Structures are given as C-alpha cells and as structure tokens.
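Biologist: I'm new to this one, could you walk me through it? I'll just ask things as they come up.
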Amino acid sequence: MDIKWPKILEEISKQIPPKYFSNFIEPLKFQKSNSESVFITAPSSGIKRHVETKYIAYIEDAIYQVLGDKYTIQITTESEEGSISLKETLTAQFDHSDSDLNPEYQLETYIVSDSNRIAYTAAKTVTEEPGKFNPLYLFGPVGVGKTHLLHAIGNAILKKDPWKTVRYVNSTSFLNEFIFTVRQNNRDSLESFKMRYQSYNVLLFDDIQFLNGGAEKTQEEFFSLFNFLYERKRQIVIASDRPSYELPLHERLKSRFVHGLQADIKSHDLNLRMGLLRNYLTEYSIPFSEGLLLWLAERLDGDSRALIGIVNDLVMYKKAYQFFLLSEEKIKEVAEARIQSIKKRIGFNPEMIIDLVAEKTNTARKDILGKGRKADLILPRHLCMTLLFEILHLPKSQIGRLFNSNHSTVIHAIENFHTKIQTEPTWDDLYRSLKHQISFQ
C-alpha cells in the first residue's frame, strides 16, 4: 500500500488545481492501512480540518482508482503521531481549532489594484504590526474581497506568531452564539462566553451591518468586548458593506470605529478583473491570451463571483466533453452564455420586481409602496427593498424615493428582513426563490 502512495497522489493531482494540491495534499503522509481504512497524517490541525472538509472524497476516489477497493480515510496530525520537529511542536501546542480561518485565503493570493490597494496595504500592516491601526475597518460592496482579507490577516498573523489566538466570526454567528448562551440562563455559561472572546489576540468580525438595532443585548455585549480588546491593544478588524456612519448601530459603538483606519474597497476595476481571471484560468489549466482576458474583463463588470462563475462554466464544459484544451472561440461561446444571463438579470427593472413581490405575497402594489404599518404589509415591503438592493444593486437613496422613504429607512428595512428570515423559514424560502427567479429570467 505504501509503495502505491505516490500513484495515489498522482491520481489526486489530476482532480485538484496545482496550488491546492501542493498546499493541502502533498504534505499528507501515508502511515498504515488495514482491510477497511487508510491512515494518513497531516502536518497541522488546520490542514487536517481543511482536507477532511473538502478533499476526502478525492482521496477515496484516487485510492479506488489505484487499488480497486474502497477504503475509509483516517487523518491524524503529526503531533498526535509524536513525530514532528521542534518548530512544529511549538506550533502544535497552541489550539487554533476555533479560529474558523479558511487556509485558502492568503495575502499572497489577494490580487491588488487601485480599487483595493489601500485596504490591502492596511491589512498587510496590521499583520506586521498588530495594533498599529485599531480597529481596521474595511468596507465595500459584495464580492470585492473583504472576507478574503479578513481570513488572510488571521492566517498571516498565525504564521508569524503561532502562539496567538485568532478568531474569525460574522455577526450572524456571533448573534446566534450569544442568544444560545443567554438562553442557558446560566451565569457560568455567560462568563465562559465572555472569557473566550476576551482571550483572543485578534478578532476578525465580518458583516457587522447585520448586528442591527434590534439586537440590543448583543450590541451591548459587542461594545463591552470591543472596549476590552481595544484597551489591551488587541487587533480588531471589522468588515462591512457600508461606511461606519451608515451602520444601524448605537452611536457610541459607531464612534469607536473612527479611532483606527477605515479603508474603502471599491468595485473591481479593469486591471483587477484581468488579474483575477488570469489567476483563475491558470489555476484550472485553461489556455488564454491577453486579448481574451481583455475581452472577458470588459464584459464582466460585476464582482469576483461573476468571474468565478465564468471559470466554473468553462471547467465543467471542459470536463463534460473531455476536452484537453479549449479554443478561444469555444471559451467566448461558453462565456457569452453566462454574460447574457447576467445582462438579463440586470435588465429586470424595479417595476417588475415590485409586481412580482405583490403577486407572490398576495399584496396590493399600492400597499407595498404605501406607508401602512400592518405586519402583513411590512414584510412584503421589506422583501421588495431587499431584492432591489441585492439583485439590481440600486442605491438605497433611489430605493427610498420609490417608496417615498429616506435612506436610513431602507437600511433598516433590509436589516430587519434579514433578521426576520432567520426565524421565518417560509419567508426565507420565498426570498431565495425570488432571487433565483429574477437571476434567471
């Protein structure tokens, strides 16, 4: 079995992009096997968790291809096997199991251009000098790389100082964790929650815009946590889809954010879109010329998810038809189909969305656009505002004019709707269904 491990690695390498293969699969070491299982060691708990989450099926399939039998995979870390170097021993004694960091997000893989250069420079600075800019507040529209930067900051700090404790959390998870703790009605549970968060050297907090005005106790807890970490010069990094002054939070909390650095990440410019495409296409061995990159980048002016969508389409087309190479003509043909679907979604106008929501919720159009405060009118109205903002990307001020409301009312409506669907599965299903319908009209 151990003699064939190189062949198994070779088989896996055919299914996984080279960058991920070298980072997560190549470091794995075969230890032993029995009639049912193959035992492998990973150099760190982070790699172990990532492989177990994303690559177990690839390993099992490769073993079946080489050996002709099915085996289950058992992964341990080298520290558990007692066979690691002094440096790894020092690193392994610190438990990073609750950091929730994605090891794929690194500063080295973050594509930089004028649209995100300041944010990237600030992120790099806080990894070299934690506490220099505190808090670091990153903001920008969806899909511009805020979450990538948060994870990359955490990964870089742990690489440099593995004894530090780092935690990535988004506002929804923080809210749910806090609510669960409070419902225990146990002082020890609450103290444990506080002590755990107060123990972190670095706190990476994503989507703070969802820590809304209705979550009074959660805001109080976050305010207390923020002050505790700030006063002890622990690094805090916060990400949001808007500037801090637009957040639906208490003024005393928002005022804390202006003490550090606020970095705006703008929508992808042409150079950044070309850089992302170059990386994605290279990663999946899809040939391209600079002319093709320019052709694609000029037609895709959305966020990185649209670019990834194009590459995913090409990868699946290549795999489905078993092409070794794709011609530029075929790449343009496949890409054009995705581009046209995006254009159709963009062509879906506000009036059509209002009518669609009215139809699906059995609510009169005039009531959706009106000022009625009945519960059965508020949610359809808030759903409508949310779809206009998230699907058509209308500015909140423009949405406000459609509903004869102001900018802050629209912000509150969107936040309220996202809070509501967490406990209302029927509305969550309707929201997802309408998003899908509008995207593929």
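Biologist: Is Tyr-110 buried or exposed?
Modeller: This is a predicted model, and in it Tyr-110 has a relative accessible area of 7%, so Tyr-110 is buried, since that value is under 20%.

Biologist: And which aromatic residue does Tyr-110 pair with?
Modeller: A search of the whole structure finds 19 aromatic pairs. In one of them the rings of Tyr-110 and Tyr-120 have their centres 6.1 Å apart and their planes at 5°, so this pair is stacked. Tyr-110 sits in the loop between helix H6 (86–92) and helix H7 (117–128), while Tyr-120 belongs to helix H7, 10 residues apart. Tyr-120 also counts as buried, at 17% relative accessibility.

Biologist: What about Tyr-197 and Tyr-200, how are those rings arranged?
Modeller: Tyr-197 and Tyr-200 form an edge-to-face pair, with 5.5 Å from centre to centre and 85° between the planes. Tyr-197 is buried at a relative accessible area of 1%, and Tyr-200 is buried at 2%. Both residues belong to one aromatic cluster, whose members also include Tyr-137, Phe-174 and Phe-257.

Biologist: Changing topic, which residues have the most contacts inside the largest nonpolar core?
Modeller: Those are Val-357, Leu-383 and Leu-387, in a core of 26 residues. The elements giving two or more residues to this core are helix H17 (350–361), helix H19 (375–390), helix H21 (407–420) and helix H22 (425–439), and the largest share, 6 residues, comes from H19.

Biologist: What does Leu-383 touch, leaving aside its neighbours within four places in sequence?
Modeller: Leu-383 is then in contact with Val-357, Phe-417, Trp-427, Leu-430, Tyr-431 and Leu-434. Apart from this core lies another, of 25 residues, among them Ala-123, Leu-136, Tyr-168 and Ala-239.

Biologist: Where is Gln-235, and what does its side chain reach?
Modeller: Gln-235 is found in strand S7 (residues 235–240), and it counts as buried at 1% relative accessibility. Its side chain reaches the backbone nitrogen of Gly-131 at 2.6 Å and makes a polar contact with the side chain of Asn-134 at 3.4 Å.

Conventions: Residues numbered from 1 in each chain as written. Predicted model: local features only at pLDDT ≥ 70, side-chain atom pairs only at ≥ 80, totals over all residues. Heavy atoms only, no water. Core = buried A, V, L, I, M, F, W, Y, C linked by side-chain atoms within 4.5 Å. Buried < 20%, exposed > 50% of the residue type's maximum accessible area, 1.4 Å probe, protein only. Helix = DSSP H or I, 4+ residues; strand = E, 2+ residues; numbered from the N terminus. Contact = heavy atoms within 4.5 Å. Polar contact = N/O pair within 3.5 Å; in protein donor to acceptor, adjacent residues only side chain to side chain. Phe/Tyr/Trp six-rings, centres within 6.5 Å; stacked < 30°, edge-to-face > 60°.
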